[in-house]
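Visitor: I would like to go through this model term by term. Please set each value against its definition.

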Amino acid sequence: MHNVEFKDYYQVLGVARDATADEIKRAYRRLARRHHPDVSPQPDAAARMSELNEANAVLSDPERRAAYDALARGRRDGERFTPPPGWDAGFEFSVGSGAGQPGAPAFGGFEGARYSDFFDHLFGRAAHPAGGGPAAGGRGHDHHARMLLDLEDAWCGATREITLRAPQLDAAGRVLLKERTLSVNIPAGVRPGQMIRLAGQGGVGNHGAAPGDLLLEVALRPHPRYRVQGSSLVADLPLAPWEAALGAVVPLTLPDGATLKLRVPAGAQAGRVLTVPGRGWPGRPPGDLELHLQVLLPSALDPRARALYEQMARELGDFDARRVAAAEAERSA
């Protein structure tokens, strides 16, 4: 998620952060009547109306507002901002309620709105999967939440408790967060973006109808060594210079604790990728393990290393690293 400009939606509508739902509605309607392109002669009326629509789309929806409030603490309008990984994990949204869907009908039929990158990055993705709204017969809405997992749990499978926060309006129309804790069975090999469905844990049905389901979208916490790209497990593999130059068998610990012995061919260069088929992310079939080689040099502050570097400089003085690199690049072109 890249750097975007933070939007203070409360400032846009001119309301306090503890404003009630009615106060937000009144402020939006008052400003919309003033700035709608059909009535305002100002050249920036369309842009101003889009800004108002965007602020209202967030603050008038209790679910989006609760998530936004948690993110907005200590932020200022216009500052450069990158949402932290998993910022919305644990917030429970209703599928099919309209939350997170850009392009919602604008005030007075104005359809020229284009929401900002800030809104799109927070709420414009498919955070609310299609097809999960209320069913016939009054069945409850399906709910959706993102669940942050350790990579090891997603690889091996586990049972974990998660706490979800769902916004509710109190009698004064202010947003309150209600928490609940669920035990979740995580299947081995679940990938980022996949859904774990918990039957009957969604919204309450009408008139005794069945409740909806809860869809948990899997996201992974950053791992110090590994990253997941599709079905591939990707990591950097540090090597000593002599391991890269002469070849070596080096150990690598996988996320399940198993040790894999890797054969590094002689003459391996930094940046080369070693692929181990079938040892990547678990699945049917499993993915590949991709290792990006890094050659780390001993520090010349160590007298032993310095003496060897000086010896190499004397005896291999005809080695031109830049010429060799240029020749390699030409062969690869």
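Visitor: Leaving aside its neighbours within four places in sequence, which residues is R17 in contact with?

Guide: R17 is in contact with D8, Y10, R65 and A72, where contact means heavy atoms within 4.5 Å. This is a predicted model, in which local features need pLDDT of at least 70 and side-chain atom pairs count only at pLDDT 80 or more, while totals for chains, interfaces and linings use all residues. Residues are numbered from 1 along each chain as its sequence is written, and side-chain values use heavy atoms, with hydrogens and water left out.

Visitor: Why does R17 count as partly exposed?

Guide: Buried means under 20% relative accessible area, exposed means over 50%, and partly exposed is in between, with a 1.4 Å probe and protein chains only. R17 has 40% relative accessibility, so it counts as partly exposed. Its place is the loop between α1 (9-13) and α2 (21-35). The C-alpha atoms of R17 and R174 are 9.9 Å apart in space, and the two are 157 residues apart in sequence.

Visitor: What makes R80 exposed?

Guide: The relative accessible area of R80 is 52%, and therefore R80 is exposed. R80 lies in strand β2 (residues 80-81); strands (E, at least two residues) and helices (H or I, at least four) are DSSP runs, numbered from the N terminus. Not counting residues up to four places away in sequence, R80 touches N3, V4 and E5.

Visitor: Why is W281 called buried?

Guide: W281 has 0% relative accessibility, so W281 counts as buried. W281 is in the loop between β13 and β14. Beyond four places in sequence, W281 touches residues including L151, W155, R191, L233 and P286. G230 is 51 residues away along the chain, with a C-alpha separation of 8.4 Å from W281.

Visitor: How do you know that the peptide bond from R284 to P285 is cis?

Guide: The omega of that bond, from R284 to P285, is near 0°. P285 lies in the loop between β13 (273-276) and β14 (289-295).

Visitor: What makes a nonpolar core?

Guide: A nonpolar core is a set of buried Ala, Val, Leu, Ile, Met, Phe, Trp, Tyr and Cys residues joined through side-chain atoms within 4.5 Å. The largest one has 38 residues, of which L216, L237 and L289 touch the most other members. A second, separate core of 33 residues includes Y28, M49, F81 and L122.

Visitor: How do you know where empty space is left?

Guide: Rolling a probe the size of a water molecule over the atoms shows it.

Visitor: What makes an open set of points a pocket?

Guide: On a 1 Å grid over the protein atoms alone, a pocket is an open set of points with protein on both sides within 12 Å along at least five of seven lines, the probe being 1.4 Å; lining residues have an atom within 4 Å of a point. The largest pocket holds about 820 Å³ of space, a volume being the space filled by probe spheres set on points that are joined across faces, edges and corners. Its lining has 25 residues, and P241, A245, L297, M312 and F319 lie nearest the centre. The largest share of that lining, six residues, comes from α8.

Visitor: How do the residues of this lining divide into nonpolar, polar and charged?

Guide: Ala, Val, Leu, Ile, Met, Phe, Trp, Tyr, Cys and Pro count as nonpolar, Asp, Glu, Lys and Arg as charged, and the others, Gly among them, as polar. In the largest pocket the lining divides into 19 nonpolar, three polar and three charged residues.
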